[in-house]
Amino acid sequence: MDPQEMYFLWTYLFVVILCEGTKVSIKIIQEPASLGYNGNSLVPDNNNHNMVPRTRPANFSGPVQFKQLVGKCFNMTGGEYLYTFCPFQNMTQVETLSYWNSYQGIIGVWTEWRIENNSFVAMLMTKGSRCGDKDRSVEVTFMCAPNNSLLNVTEPKKCEYQATFGTLLVCHRDAMLVYPRLSADLRAEWDKAETELKYNEITEKGYKAQLDRIFTKAGFQTSHHLNKSRDPSSDNKYPDGGFQHFDQCKQELEEVKQERDELKKEIENMKVLLGLKITSSKQKGMDDEDIKFRPIIVL
């Protein structure tokens, strides 16, 4: 072997030894990187506190067929956000297009039903993650659809969301009626209120207050609909001075008239008293003048 061949041989052996000494094991990753990934959504770790509910959801209430939705969640991507609606639990919003400092949070926790015209109109979810000086909230309305799905989510006002959920559960014309979902006792209370309203024994305002109490007893609404600050000695009055019954209004009116008449009498008495004082003062002044200027006649 000539010197040149020996040189190349030793050079080769040196390179092989050097590479072997710095050899590093390489692991092949079959899954994509999970930076900013949490569950099924792209989210930053520093926003996890927004996904922790600030309050417990209310108990199930409303149309019995809606029990089929308990424990289920429905996703919808709208723009750059992924919305997840879990009936009778909460709704969340997760930003999907940003890998860094993206938003995620609960926009509402199940609270109560909005009821209008003897119908369940919408699910109200409140006390979501903070949004400046208020909480996020969402109102979910329902429409007849062949499948259970979250159809639309909008934000008409800052941090106040509107959502639409499609389901077969509301397709029957009586599916969302309130009256059939009440107990026999509460239906009897409602019937009584209807009768009193018909015969003008209560006002519209009093009728609505009675319905609020019935819905609260049934668990459809929370107690904030009731007047917590009412004076116990004035059960028949509203905070703004209104009345539930016309008879109570008439009675109060008669009392006011009586007080008015008494005040008028007091005013008249005061006028008479003041008039006597003025007259007496004038007369006294005239007598003084007479005494002062009366001439003295000496005989």
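This is a predicted model: local features need pLDDT of at least 70, side-chain atom pairs count only at pLDDT 80 or more; totals for chains, interfaces and linings use all residues.
## The Cys 144–Cys 171 link

Cys 144 and Cys 171 are joined by a disulfide, with a sulfur-to-sulfur distance of 1.9 Å. The torsion about the S-S bond of Cys 144 and Cys 171 is 95°, and the link is right-handed. Cys 144 sits in strand E10 (residues 137-144), while Cys 171 is in the loop between E12 and H2, so this pair ties together parts that are 27 residues apart in sequence.

How accessible are the two cysteines? Cys 144 is partly exposed, with a relative accessible area of 46%. Cys 171 also counts as partly exposed, at 32% relative accessibility.

The structure has three disulfides.

Cys 131 belongs to strand E8 (residues 130-131) and Cys 159 to the loop between strand E11 (149-157) and strand E12 (160-167), so the pair ties together parts that are 28 residues apart in sequence. Cys 131 is buried, with a relative accessible area of 9%, and Cys 159 is buried at 3%.

Another disulfide connects Cys 73 and Cys 86, at 2.0 Å from S to S. With a torsion of about 110° about its S-S bond, this disulfide is right-handed. Cys 73 lies in the loop between strand E2 (41-42) and strand E3 (74-78), and Cys 86 lies in strand E4 (residues 81-86), so the bond ties together parts that are 13 residues apart in sequence. Cys 73 is partly exposed, with a relative accessible area of 44%, whereas Cys 86 is buried at 10%. If you number the bonded cysteines in sequence order, the pairing reads 1-2, 3-5, 4-6.

## The chain as a whole

Stepping back, the protein chain contains four helices and twelve strands. Of its 299 residues, 31% count as buried. The accessible surface comes to about 20,900 Å², with 56% of that belonging to carbon and sulfur atoms. Among contacts between residues at least 6 apart in sequence, 48% join residues at least 24 apart.

Helix H2 covers residues 184-198, which makes 15 residues. From its first C-alpha to its last, H2 reaches 21 Å, close to the 21 Å expected at 1.5 Å a residue. Which residues of H2 are buried? They are Leu 186, Trp 190, Ala 193, Glu 196 and Leu 197. Seen down the axis of H2, these buried residues fall within an arc of 125°, so they line one face of the helix. On the other side of H2, Ala 184, Asp 185, Lys 192 and Lys 198 are exposed. The cover over the buried residues of H2 includes H3. After H2 comes Asn 200, whose phi is positive, near 60°.

H3 also has 15 residues and reaches 21 Å between its end C-alphas, close to the 21 Å expected. Its buried residues include Tyr 207, Leu 211, Ile 214 and Phe 215. Strand E6 (104-116) and H2 are included in what covers the buried residues of H3. Just after H3, Gly 219 has a positive phi of about 85°.

## Gln 221, a buried loop residue

Gln 221 lies in the loop between helix H3 (204-218) and helix H4 (246-293). Is Gln 221 buried or exposed? Gln 221 has a relative accessible area of 8%, so it counts as buried. Leaving aside residues up to four places away in sequence, Gln 221 touches Glu 112, Trp 113, Ile 115, Asp 212, Phe 215 and Thr 216. Gln 221 and Glu 112 are 109 residues apart in sequence, yet their C-alpha atoms are 4.9 Å apart in space.

## Where to read with care

The chain averages a pLDDT of 78, and 67% of the residues score at least 70. Over residues 26-46 the pLDDT is below 50, and this stretch has 23 contacts in the model beyond near neighbours in sequence. Residues 228-235 also stay under 50, and for them the model has five contacts beyond four places in sequence.

Technical notes
Residues are numbered from 1 along each chain as its sequence is written. Side-chain values use heavy atoms; hydrogens and water are left out. Helices (H or I, at least four residues) and strands (E, at least two) are DSSP runs, numbered from the N terminus. Buried means under 20% relative accessible area, exposed over 50%, partly exposed in between (1.4 Å probe, protein chains only). Contact means heavy atoms within 4.5 Å. Accessible areas come from the Shrake-Rupley method with a 1.4 Å probe; for residues, only the protein chains shown count as cover. The expected span of a helix is 1.5 Å times one less than its number of residues. The arc is that of the directions from the helix axis to the C-beta atoms. pLDDT is the predictor's confidence in each residue, from 0 to 100. A disulfide is a pair of cysteine sulfur atoms within 2.5 Å.
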